[in-house]
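Reader: I am new to this structure. Please take one part and look at it closely, then tell me how the rest is built.

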Amino acid sequence: MTDTDSLRQELYRIRSQLKGEARTAALEAHLEKVEAHGDQMLVNRTLTELVDCYEYSTDSSRLIVPFSRLLRAYDEAPEHFDASLVRSVYWQFKWVVYDLIDRPEIPLSSIEDWMEDWRVRYAEAGHSLHPLHEAEHCLAQHLGDADRAARAAEALHATEPDGMSDCAACRCGYLGRVAFAEGDHLRALEHWRPVFDGGMRCMHEPHRTLSFSTFAAARAGRLDQARSDHVRGYQMSRGNDDMVAYIARHMRFCAFTGNEPRSLEILAANASAFAAAIAPRTRLEVLESLQSLCDALVARGMGDADMPEYEGRIRTAAELRAAVDLERRALCERFDRRNGTSAVSRDSMRRVAPAEPYPHVPLGLKTAPMPAPRPFEREAAGGRASEAETMEGLRTALERARAATAAFAADHAQRWAAVDRLAAALDVALAPGDEAEVLLARIEPNGDGQAALALAARAQDLFSAAGLPDRALTNRAATLQWRLGVEPDAVPAAAAAVLAEAAALADSHPVAALRARALAHIALLAHCRVAGTEPSGELLADAAAIDAELASDPEEPRYSQARVRLALTMTGFATEARARLEAMRTAFELAVAGDHHYETFIASTQYASLLSGSGAFEAGLEAAETGLARAQPGYPHFPIAALHLTAAECATNLDRPAKAETHAVQAAHHYDRAAEHGCAGVARHLLGVALAAQDRHPEAVVMLEAALEDLPAMPEEEHWRLVDARAMLARSHERLAEARPGLAHALEALRLMEGGLAHPDPTRYARTAQLAGRLLQWLGEPGDAARAFGRSEQAWRELGALPAAADPARRAIWAELRRDAEDEGAALDVASARMRALAEELRSEWQHAQRPPEHRAECRFELATTLLQHANLQLPDASETGRLALAERRRLLEQALAVAEDGEYLPGPGVQATTQLMLCLDESGEPEAASDALAEAAFARLDPEPHPLLRQQLKGALAQVRRQREG
């Protein structure tokens, strides 16, 4: 081997390494060696590799020097460039121009000179100017030159791309970014659709597009897409040296959409990459994202919160914001001085502080808690009232609140809360009746009971002082529910006092009196539940009588709401499942009919859950969504989360993964807000299942891994989800061609099940063992794969599922055959015997008249498949043994075809047997009419529409046979 050959092989070895600084350093060292050796073509090849390596690094500006050398060498001695090197020179030219734009120290005149050189070289070489027009458009936007950008865009659309243009994915990405920069988010998303749909890929796509589409989707109101694009895009980009800008955009997206904890996690995970020696434009992206995060924290009153360590220092959000803003402005000014415009500063400020806030985008991901602000003295609130805080505003608010109370409107508490805020801002004393309503509006429905009773007592005094005995009565009746949680033993006496007062006011205030009686009986019934006693017959009879009275005027909202609450209370005494379901149905339907939002919401949480538990998934989903539609801001997070979780479970069981995804995201979000992390893990598990069902496996992996962190906090009866999440992770990793992590999850799922952790699906163990076998086979471990397939076969057999056991049984045979490759003949004999035994077992079950029809049909399919695979074990050649193998192969294929044709035709096995038998007959020297007849018979059995690929396969086999005859 010559020195040149040795150096060339070393270059190939370096090229095979993963991209990164280690590979870059190796290439730099190798360049010195080849320069010393003096082989100019090898020097040129090493330079092109170094340019490529710099382009996909944290600082692509380094490529300018080696490319300049390469270009000079090409101009001076083109004979040292073969076709592939010439193409590299022209291809890499565009990289230089973009990197010059990204460096503010490069004069604008130099960039224009390079652009002109590029134009001339491409024109002389006959290449399309499409990529040059794209670069010119980019430069014009960078300069803020709208006219030049419009001309470049027109030229870009008028010029056809060719082999020197960026790939189709990059071109779609750029057109979308142009629309995005113009604020046309829907058009941007439409341009990006081919990249989203998975048909277009390259080194930077869809990574780059996903880092932009998060913002466009959020602006367009497509929050599910925004979440999906973030989860998928960040997962794909992280850890890549040349994607620091993309990662920074994901951090900024999270800061803008109410996901500051996630943004902080991204900063902590990528702080070293953000602080590395990166290109100026990338540095600007990082600074903008850092400032956006700090601004979001400051806006939440967390300016004194400690940020993750960055550039070797721990600073507060306010301190880091000040430092970053200073550096960002200085960098923008450098670009603007070079460009002679203010475009970079203007655009950067627009990215840091958008004119309109972004909507909140729930991610469904568990995130670290927000950092606590450092304690410090805050200035007391005060100052002059705003323009809205005027006496006229207070009068209007009072009128609206009084009207809402009179109409018993669902938002009357919020109306009085608005009055409270205005009166406090204006320092105005309210009339006693109004003040009483304000005090009631201050009560938190799920807050401290003692505080609620204190506020209610003050309100009662004020109502009495205002001459409103009916409001005082109903308020006193309402406090009975809070008293249950504080002093339950006092409830019977307090309820008796309310009933006595209601009797006294029955003539003068009949509506308030009846409502008070209903609330008192509700409290007495609830007291029985708290005390663990059965309600007396008299109490139940009185409650039924009051319900009848309330039902007499269904148009009175105070009555209909009391009926709902009475019905909800009565459900607690229904112990039998069917009776409880019917009781909840009554309460739910009353709440919906009366349009009582809160009661509908509360009733739906239990009713939907009961429906789901009884297998009525369609009705459960409808009930859950009805309740969620009535949820109002301020409702507690836990029941909202529970409703979304029920909806997600129902949608999962109904095989509606998109619907399940929507609800699971919200369930995880609200459970996290309620600090119920175990339940959030259940929601993330369902979310991962829904994503995997839609073949969105990168997102599924993220969600399922997050679920594994939280699921152990759930009660043991929910721990089966740990097995399920592991098995789903294994499947998703398999789909992503990531065998090793997939195998780790599959083996852990098997270990958990073997340790006694049961899964509600009895087939889970068999399926997971089968998956583990496939992954082991992929990793080149045939012995372990055979054992895994054997475990799967045994598990299927124990379930009485012979057809399902057939596939792992056959796979185990093939794996054993590969393991025993040293003694091929003996291994083939063993494999053939096992295939024969399996086929006989399947044939026996298929022909067993007493077996269920579905079972027999499955056995017939598996028998045909087994015969086909047994035929593939035969190795015909020119020897006598080979001739016998050919005869055996023909016999097995004829059997497989006969099985496929015995009854309703099995298209897959039938066509496979036909095509292989045609070739087999040709090898046996049979007349060509025999193969033609086989093909005609198969064509006659196949409908053209459902089976186009199988018909194509038949045509291909027939053409191959004819070519062999002609040859």
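Author: R860 sits in helix α40, which covers residues 853–872. Helices are DSSP runs of H or I with at least four residues, strands are runs of E with at least two, and both are numbered from the N terminus. This is a predicted model: local features need pLDDT of at least 70, side-chain atom pairs count only at pLDDT 80 or more, and totals for chains, interfaces and linings use all residues. Residues are numbered from 1 along each chain as its sequence is written, and side-chain values use heavy atoms, with hydrogens and water left out.

R860 is buried but has no salt bridge. Buried means under 20% relative accessible area, exposed means over 50%, and partly exposed lies in between (1.4 Å probe, protein chains only). A salt bridge puts a side-chain nitrogen of Lys or Arg within 4 Å of a carboxyl oxygen of Asp or Glu. The nearest side chain of opposite charge is D902, 6.0 Å away. Lys and Arg count as positive, Asp and Glu as negative; His and the chain ends are not counted.

What does the side chain of R860 have close by? One of its polar atoms lies 2.5 Å from the backbone oxygen of E904. Leaving out residues up to four places away in sequence, R860 touches W846, V899, A900, E901, D902, G903, E904 and L906. Contact means heavy atoms within 4.5 Å.

Now a histidine. H663 belongs to helix α31, residues 657–673. H663 is buried, at 7% relative accessible area. Its side chain makes a polar contact with the side chain of H644, at 3.0 Å. A polar contact is a pair of N or O atoms within 3.5 Å; within protein, one must be able to donate a hydrogen and the other to accept it, and residues adjacent in sequence count only if both atoms are side-chain atoms. Beyond four places in sequence, the contacts of H663 include L621, E625 and L628.

Next, the nonpolar core, a set of buried Ala, Val, Leu, Ile, Met, Phe, Trp, Tyr and Cys residues joined through side-chain atoms within 4.5 Å. The largest has 108 residues, and F274 and M307 touch the most other members. Helix α32 (residues 677–693) gives this core its largest share, 9 residues. A second, separate core has 42 residues, among them L42 and Y122.

Last, the whole chain. It has 44 helices and 0 strands. Of its 967 residues, 49% are buried.
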